[in-house]
Every structure is written in C-alpha cells, then in structure tokens.
Amino acid sequence: MKLHLILALVVTALSTLATQPARSASYSFTSLTYSGNFQRGGQMNVVATLTSSAAINSNSVCVTFVAADQYNFWSCRPVSLAAGVNTIDFDLTIPANSEITSYNGFITVNNNNPWTELAHSPTLATLTVSQFSPAVLFTFSSLNYTGAAVRGGQLNVTAVFNASTATTSDSVCVGFVAPDQYAFWKCLPMTINAGVNTKNLTVDIPADAELTTYTGTIGIAYNNPWTDIARSPVLSTVAVGANPSTSPPPLTGNGAALVWQQDFSVTPLTLRTGANPTAGVWMPNDMTWQSPVQGYVDFAVQPCAAADVASGVCTRAGGTFDINPNDPTMLGVSPFSQGNGYLTISARPTPSNLVSAIQAEMTAQGNGGLVPSYIGGHLQTNPAVFPGFTYGYFEFRAAFPNGGRGMAAALWFYSTPGQNPGRPRAEIDLVEFFGHSDVFYTTIYSGIDNNNVGTSVGEHAAYIDGNFHTYGVDWTSDYIDFYVDYHLVYSAPPSLAIAYRGLSLSPMLNYAADSNWMESNIYLRPDATTPFPLLMHVNYVRLYDKRPFTPVP
C-alpha cells in the first residue's frame, strides 16, 4: 500500500511539473504612462515599459486599472519580448459605465498557452475616471409609432425632444425593451437643432422577437467615442404579436393531423452552431462528419477527361462549396435569405473575395483540390431538435423562378444521423435536378453500402415558372408514393417500400450549381446561358401523420 502511494505521489508531481508553463525569462517593470480622454467612454493610449532577461515570443503583456472595490478594465497584447528594455503601446477604451473613482494601474506578463500569470508589477500609475460631460442638455417629449407591431414587422417611429444647443456629433436612438431586457432598437447619426427636434426612424422588429409588451425610450449618444449621454423615461409601449401566416392553411382531409412544420412566411430560419447543438432547427451542412462552423465541398468534380482539356471545354474546377453562414471567414456571404413569405436558397459563381478563405477551409479538412467554381447552400434538420420521422406524408411547397444548365437543386430525405444501422445511406429524392431544367427526378435508393443497388428512378416534367407547387411523399410500411400538386406521379417498387420499413429519415434542402455526374456530359455544366444566381423558394415544409387529401385524378 505504501509503495502504491509513493508511486502515485511521484506520478502526480511529474504530471504537475509537465503542465506548468516554462518560465524562461524574468521581468522587472519600469513605468506605466497614459494619455487621452479620461472620461467614461474615453480612449486612452497606454505605454508599458518593462525589462525581460531573455527574448521570448510566447507571452502576452497586459495593462490593468483596478478600483478599490476590484472593478477593473484592461487590455492584453500577445508580443515578442526582446532581451532588455521593452516599450509596448496599448489603445484602451474606458467603459461607458465604468465607476467614477480612482484606479491603480499595473502591468502583468502572462504565458499564452495555457494562460498563466508569470509576473505582476506593483502599482505604477493612478487614474481618475470622470463622468462624461455633454455640452448639450436634452429634454424628451414623446415617442409615437405606426406600422406592423408583429414579428418581422416594421415600425415608423417619431421621437420628439428638445436640445439646448445645436450639434452634429450625436446619434438619436429609439429602443424597445421587454420585461426580461430583450430589446430591439435603431440608432442614427443626425443633426440636432437647438430647440424642438422631431426625428423619424424606421425600426425593424426581429422575426424571432418575444411576444410581449415592450417599453419605448429615446436615447442620445455621443458618436466618438460612443457614449450614452441622455435617455428619456418610458414614453410609449408596444405589444408585439405573431405575424399571421401568408401560407395556405394545413390540410385536414382523411382525418390527418399536422405533426410538424416550418412555415417560412412566419418562422425564421434558425441554424445550429458549433457552440450550441440545439441552437437551431436546421444544420447548414452535414454536421455528422463536418465541422459545425465550416462549409464543405459538395459534388466534387472528378478530373477533366484528357480530350476535354485538349479541346478547351473543361478548364476550371467544378463542384460547389456549400457555405455555412455561421463561419465568420465567409465575410457575411450566405446562400440563404428570407422574405416575401418564403426561404430562398441560391447557387452562383464563387466570389473572388472568398477564394482564399474557402481554400483555407478545404486545406484544413484535408482537401487539397482547387476551389469549386460555385457556392451554394445545404440544409438538413438538426436531429437534436427534429429527430427524424418514420412514416407519414411529408410535403414541400416550393417554386423555381429560373433554371438552366448546371442547376442541381433538390428536396430530399436522408438517413437520420445515428439511426438505421442496417441502411445508413437510406435516401429518397423527392425532387432533384440533374444539370438541366426541363425535367426533375424522383429517386429511392437501397440505403446499403452499395447505394445504387435497387435504385428506382422516376422522371417528370419540371415547373420552372416561379409559381409555387407542392411536392410530397406518402410513406407507409407498405408503399412509398410521390405526388406533385396532389397528383400521384410515381410509386416505389414494393421491394423498396418493404426495405424502408421502420427507418428514420430527415428532410434536406439544397442547391448546387455543378456536380460530379455533370463531368461526363459537359452540356449539363453551367455556361454563359445559366441565369445566375439560381434560385429555389421554399414556402413551407410540413409533416402529417398520414396523407391529408384524396389524390387528384
């Protein structure tokens, strides 16, 4: 027993030593000086001077100002320290709500990984923060609005207030706050006149705003540095309601019940994030094997045939990169937009300003190929929110306002992540375009490892007319039928209906602009006639417990 205890202590000690950051330099501190605006919201330039015994590039230097009650503000910079004297500049903003008091200033040196404080100076400076003193005094009279007080609505707001002096350096803000502090607002820089001012602002109510009553106030903010200098008492209230759906109502025939829906005329598109697996109903890529913050190469095209390269008809990278809007390196570019009662998914040529970011992500994923020539979007339901379905009637209401060579839009279903161990690649394609716009295909795969075994394909005339049509699949334990505008257009062979018994499927929507099967037929690939951006509008997706209508003859 004692031997075991001694060994455990030795291992613990070695482990502790192994996890401590190496301290390869010693530090002494000389001075901490500052200049600038010492009022709330002010900008300061801070200079820290210290001496390092050795050159080191794995540390950060921080400057911190601490009040007597430990309230503090700070700034840190990763730096390469030289052996000898080092002078480091910081730009530091005093918080707009900082305590009005005196602060002690000091310098620290920290190891970056893991973050560990290595050295701490004594107090080297004192700073007194004062209240921001506006040159203009304001009084507030009224806040009125007109417009649609519903989720996704817009308010035309009129703010009336009095200013003691004219100014051009302020912004006027109107804000609406719920009891739990959820809020929406609008601020605009404006010229303010001496005397009475009447200012009009348009305020958008978020599509996911809380359904409650909000209190409205007017605020005046100094623009540089941004500082809240005056705020009215509550001047109005607004009760935000649900936006009425503009979609056709759910069907009720045959005693069917609506089980689940996403009505994009009133329901905002919500996306899962890497930090929160239940943050959204949809995943912006296939997160079962991709990073939740990265896009991915969809339909990667095989190398061009030698004859096509020689003739010059195949000279570029093919395929589509599906953009994940959660990825900050995508510079705000998104294939998804919402408005006018529907969700839009688009595909278009890859913007030149995204090439380097996409190449970096492909490299990080171990894909060293060329950046695809097109970007598109892919949505799959998040299994943490919608755990898939087994049987029922699933319907998409969608419109295709344009089409042409290269279009690869699809409304489909795939094996729910983690389900169906015997058929992990189960797939039903309700609508799929293969590089041209005159027909689409309905397809059901066997779902086993060789996914093409037992595949059944139906071909149907396409509607590229901008009008909404319904596309549905009626799935039971005995049959799988496909419908367009409630007309039966195709039935899967009984053997595949039996093979799909008891499986779990998840709906998907995507739009690509080039794909690997198009490489064998260059006349399916996008060309100068393709009407980019290619668009698909989706009004709703709905799941019923059974078919809610009698088929149209």
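**Close-up views of a predicted model**

**View 1. Lining of the second largest pocket.** Strand β21 provides the largest share of the lining of the second largest pocket, namely 4 residues, in what is a predicted model. About 320 Å³ of space lies in this second largest pocket, and the elements that give two or more residues to its lining are β21, spanning residues 336–339, and β22, spanning residues 342–349. The lining consists of 20 residues, and those nearest the centre of the pocket are A207, F264, P268, Q338 and G339. When the lining residues of the second largest pocket are sorted by class, 9 are nonpolar, 10 are polar and 1 is charged.

View 2. Once neighbours within four places in sequence are set aside, the residues in contact with N539 are S247, P248, Q262, D263, F264, S265, G341, Y342, R397 and F468. Of these contacts of N539, F264 is also among the residues that lie nearest the centre of the second largest pocket.

**View 3. The largest cavity and its lining.** The model has 1 cavity of 30 Å³ or more, and the volume of the largest cavity is about 40 Å³. The elements that give two or more residues to the lining of the largest cavity are β22 and β23, the latter covering residues 374–381, and β22 provides the largest share with 3 residues. The residues that line the largest cavity are V333, S334, P335, S346, A347, R348, I375 and G376; by class, this lining has 4 nonpolar, 3 polar and 1 charged residues.

View 4. F532 and P533 are joined by a cis peptide bond, for which omega is about -5°. P533 is placed in the loop between β32, which covers residues 505–512, and β33.

View 5. D485 counts as partly exposed because its relative accessible area is 24%.

**View 6. A54 and S26.** A54 sits in the loop between β2, residues 43–52, and β3, residues 56–66. With a relative accessibility of 23%, A54 counts as partly exposed. Although A54 and S26 are 28 residues apart in sequence, their C-alpha atoms are 7.5 Å apart in space.

**View 7. Segments with pLDDT under 50.** The protein has a mean pLDDT of 85, and 86% of its residues reach 70 or more. Over residues 1–23, however, pLDDT stays under 50, and the model has 5 contacts beyond four places in sequence for this segment. Over residues 300–306 pLDDT also stays under 50, and here the model has 13 contacts beyond four places in sequence.

Notes
Residues numbered from 1 in each chain as written. Predicted model: local features only at pLDDT ≥ 70, side-chain atom pairs only at ≥ 80, totals over all residues. Heavy atoms only, no water. 1 Å grid on protein atoms, 1.4 Å probe; cavity = no way out; pocket = protein on both sides within 12 Å on 5 of 7 lines; lining within 4 Å. Points joined across faces, edges and corners; volume = space filled by probe spheres on them. Nonpolar A, V, L, I, M, F, W, Y, C, P; charged D, E, K, R; others polar. Contact = heavy atoms within 4.5 Å. pLDDT = per-residue confidence, 0-100. Buried < 20%, exposed > 50% of the residue type's maximum accessible area, 1.4 Å probe, protein only.
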